[in-house]
Amino acid sequence: MAIFQVPNIKIVGISACVPEAEFDNNNYDWISEKERETLIKTIGVEKKRHAKKGTTTSDLCNIAADNLINDLNWNRAEIDLLIFISQSRDYIIPATAGLLQEKLSLSHTCIAFDISLGCSGYVYGLSVIGSMMATGRIKKGLLLTGDISTLNTSYQDKSAFPLFGDAGTATAVELNNDANSMMFNLQTDGSGYDAIIIPDGGIRNFANKNTSFEYHKISDGIFRNNFNIALDGIKVFNFSLREVKPNINKLLQEFELSNDDIDYFVFHQANKLMNETIRKQLKLDPEKVPSSLESFGNTSSASIPLTIVTELADKVKNSKLTLLLSGFGVGLSWGSVILETENIVCPKLLIYKD
Amino acid sequence: MNITDFIKKIEEEFEDIQPNSLSLNDILEDKFTWDSINALIFLAHVNVEYDVEITADELIKSVTVNDLFVLVESKYQKTE
């Protein structure tokens, strides 16, 4: 069982950046007004940010990281590790982390690589950056997460289009011998690989000029091609309702903690119905479970840090908190972490003018 | 599992259904929009209320309120 601790690692700053353009789901005219009302109420997404064509996740992460480094007064030459977690990279090859190392003017002695994960990416990312830094020589590291999901979502797909928003985030991590351990429980079920999938454009289904671009009717209100995100709502829903609660409860039990020891539970922002159901399963007060869904939608691996920046900034800046973060979805991949933050740097939400 | 209770909770869960208007032999599609969104709301409801998991195929096969009750009850007993 992948339950483990990472010692001596401290989050010292979190920032987030979203594109300027806002899409209001009340203007989503692909479906009827009545259907739109039910949909907005159920998924809880009123507005979300849409990147313009040509803007990449790395552009958003670059702004988030650049501002965070400045606010922290970090010496860029001392940043020895950059991890970029995304499923919307700049190019098929090379990895995007290298481009970010260059844009951020980091040293050539800096490790930089990508990890391909979505909803669970932030929690997984903390475990990777933490474990590498806990070996003792790497003192400063950057975890950059996010996705641009709106560009490959079909407007004529009511099951996906209204849900997703774009965002990029940066988290600054330092080696600190006084820091309490981060505690993780990470899991995977690859049998559900097709529950959230873009089928074509990889090596399995190479891009095909005839079949990849062709729009198919999947069901009423759902038309898409094989480059679009395909979401099996009920499959993802059942998976999340089945797996998230035991994952969190096992983690708490293993380290002899209870819900009362946690100040805030920050969940991946999947959709309101799913997040509310998980909250009720765990019997948590709404005040302990912040949400950014209403204004930003589901932002994949950015959703946890984005929610911290938009909903908890005053708290993380001015106090000591014990947080439980939990990400779940595409993969299928899920995981939770319990960690402490104390007076971290948290710049106001940044806007990318694309 | 109590049938009256089961029906009452469904009436509370869906705004489109008036209180005390639903009965066991009602056809789901006649009473409210039995679409994918409402199916998800129903899944979430029975998960929290009875701790049972229903698949898409099982939902599609359910035509009446009674079908839903039998489905949920069969799983509820297994988990008890």
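Predicted model: local features only at pLDDT ≥ 70, side-chain atom pairs only at ≥ 80, totals over all residues.
## Exercises on helix packing, an interface and a sheet

The crossing of α5(A) with α3(B) is right-handed.

**Exercise 1.** Find how α5(A) and α3(B) are oriented towards each other, and which residues make the contact.

*Solution.* Step 1: take the axes. Those of α5(A) and helix α3 (residues 36-50) of chain B cross at roughly 15° and come within 11 Å.
Step 1: compare the angle with the cut-off. Angles under 35 degrees count as roughly parallel, so α5(A) is roughly parallel to α3(B).
Step 2: list the residues. α5(A) contributes G233(A), I234(A), F237(A), N238(A) and L241(A), while α3(B) contributes S36(B), A39(B), L40(B), L43(B) and N47(B).
Step 3: sort them by class. Six residues of this contact are nonpolar, four are polar and none is charged.

**Exercise 2.** Describe the side of chain A that touches chain B.

*Solution.* Step 1: count the residues. Chain A has 14 residues in contact with 12 residues of chain B.
Step 1: assign them to elements. Two or more residues each come from α1 (33-43), α5 (233-254) and α6 (272-281) of chain A.
Step 2: pick out the main contributor. α5(A) gives the largest share, six residues.
Step 3: sort by class. This side of chain A holds five nonpolar, seven polar and two charged residues.

**Exercise 3.** Work out how helices α2 and α3 of chain A pack.

*Solution.* Step 1: the axes of α2 (residues 57-72) and α3 (residues 96-103) of chain A lie 10 Å apart, at an angle of about 40°.
Step 1: α2(A) passes α3(A) in a right-handed crossing.
Step 2: on α2(A) the contact residues are S58(A), C61(A) and N62(A); on α3(A) they are T96(A), L99(A), L100(A) and K103(A).
Step 3: by class, three are nonpolar, three polar and one charged.

**Exercise 4.** Determine the strand order of the five-stranded open sheet in chain A, and explain what sets its edge strands apart.

*Solution.* Step 1: the order is β1-β9-β16-β15-β14 (chain A), and the pairing is mixed.
Step 1: β1 (3-6) and β14 (264-267) of chain A stand at the edges; each has a single partner strand, so one side of each has no neighbour in the sheet.
Step 2: on average, neighbouring strands are turned by 20° against each other, direction ignored.
Step 3: look at one pair inside the order. β9 (residues 182-188) and β16 (residues 333-342) of chain A pair in the antiparallel sense over six bridges. L186(A) has G335(A) as its bridge partner in β16(A).

Note on methods:
Residues numbered from 1 in each chain as written. Chains lettered and ligands numbered in written order. Contact = placed C-beta atoms within 7 Å. Helix = DSSP H or I, 4+ residues; strand = E, 2+ residues; numbered from the N terminus. Nonpolar A, V, L, I, M, F, W, Y, C, P; charged D, E, K, R; others polar. Pairing = 2+ DSSP bridges. Axes fitted to C-alpha atoms, helices over the stretch in contact; angles between N-to-C directions. Left-handed = near helix turned anticlockwise from the far one by under 90°. Parallel < 35°, antiparallel > 145°, perpendicular 65-115°, else oblique.
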